[in-house]
Amino acid sequence: MTDEHWMGVALDEARAAAASGDVPVGAVVVVGDRIVGRGRNRREVDRDPTAHAEIVALREAASALGQWRVEGTLVVTQEPCPMCAGALVNARVARLVFGCPNPKAGAVATLYQIVSDPRLNHRVAVTAGIRAAECVAVLQAFFAELRRGPSYP
């Protein structure tokens with residue numbers, strides 16, 4: 001399976017997040033050719049500030065693997081924030097694949113470089129820009145709809 005394929009699964013998770021009223025970010029954790037964790041933003045649904053797609057996927061993966069080390073690949077539709085980038089380092093994720101940059105909170109390449117900081121005890125390999133236009137389109141459609149406000153018949 002390719003990064004593009006796994007990003008398609010993450011995009012499905014992002015669309016599901018949007019359908020439930022959360023910012024459309026989706027993630028999957030892949031070990032070998034198997035998904036061991038799925039996540040989507042659930043902050044609104046769970047009323048939990050830590051329920052970002054990456055955290056949800058890492059928790060599911062750790063549970064499935066029976067350990068806190070999640071040494072696979074995390075694929076996510078948008079560049080992780082500082083909290084999520086730190087979680088990737090702490091979980092010993094081997095590789096991160098992300099779709100589009102996060103200009104307001106990106107902590108992998110845009111504002112900070114947490115996953116590659118040599119002062120930390122682990123570094124994560126990064127592949128950026130996979131299906132970026134689709135990832136941006138999902139986010140833009142969500143926020144355009146939000147700005148339109150509630151519709152009345």
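## Strand pairing

Two strands are said to pair if DSSP finds at least two bridges between them; strands (E, at least two residues) and helices (H or I, at least four) are DSSP runs numbered from the N terminus. In this predicted model, strand 3 and strand 4 (residues 95-100) run parallel and are joined by five bridges. Within this pairing, Gln 78 has Cys 100 of strand 4 as its bridge partner.

Strand 3 also pairs with strand 1 (residues 26-31), in the antiparallel sense and over four bridges. Here Val 76 in strand 3 is the bridge partner of Ala 27.

## Strand 3 and its crossover

Strand 3 spans residues 73-78 and is mostly covered, with six of its six residues buried (under 20% relative accessible area, 1.4 Å probe, protein chains only). Together with helix 4 (residues 82-90) and strand 4, strand 3 makes a right-handed β-α-β unit; right-handed means that, with the strands pointing away from the viewer, the path from the first strand over the helix to the second runs clockwise.

## Largest pocket

The largest pocket holds about 470 Å³ of space. Of its 20 lining residues, Val 23, Gln 78, Asn 102, Leu 139 and Phe 143 are the closest to its centre. A pocket is an open set of points on a 1 Å grid over the protein atoms alone, where a 1.4 Å probe fits, with protein on both sides within 12 Å along at least five of seven lines; lining residues have an atom within 4 Å of a point. The volume is the space filled by probe spheres set on the points, which are joined across faces, edges and corners.

Helix 5 (residues 132-148) supplies the largest share of the lining, six residues. The lining comprises ten nonpolar, five polar and five charged residues.

## Basis of the values

Residues are numbered from 1 along each chain as its sequence is written, and side-chain values use heavy atoms, without hydrogens and water. Local features need pLDDT of at least 70 and side-chain atom pairs count only at pLDDT 80 or more, while totals for chains, interfaces and linings use all residues.

Notes. Nonpolar A, V, L, I, M, F, W, Y, C, P; charged D, E, K, R; others polar. Buried < 20%, exposed > 50% of the residue type's maximum accessible area, 1.4 Å probe, protein only.
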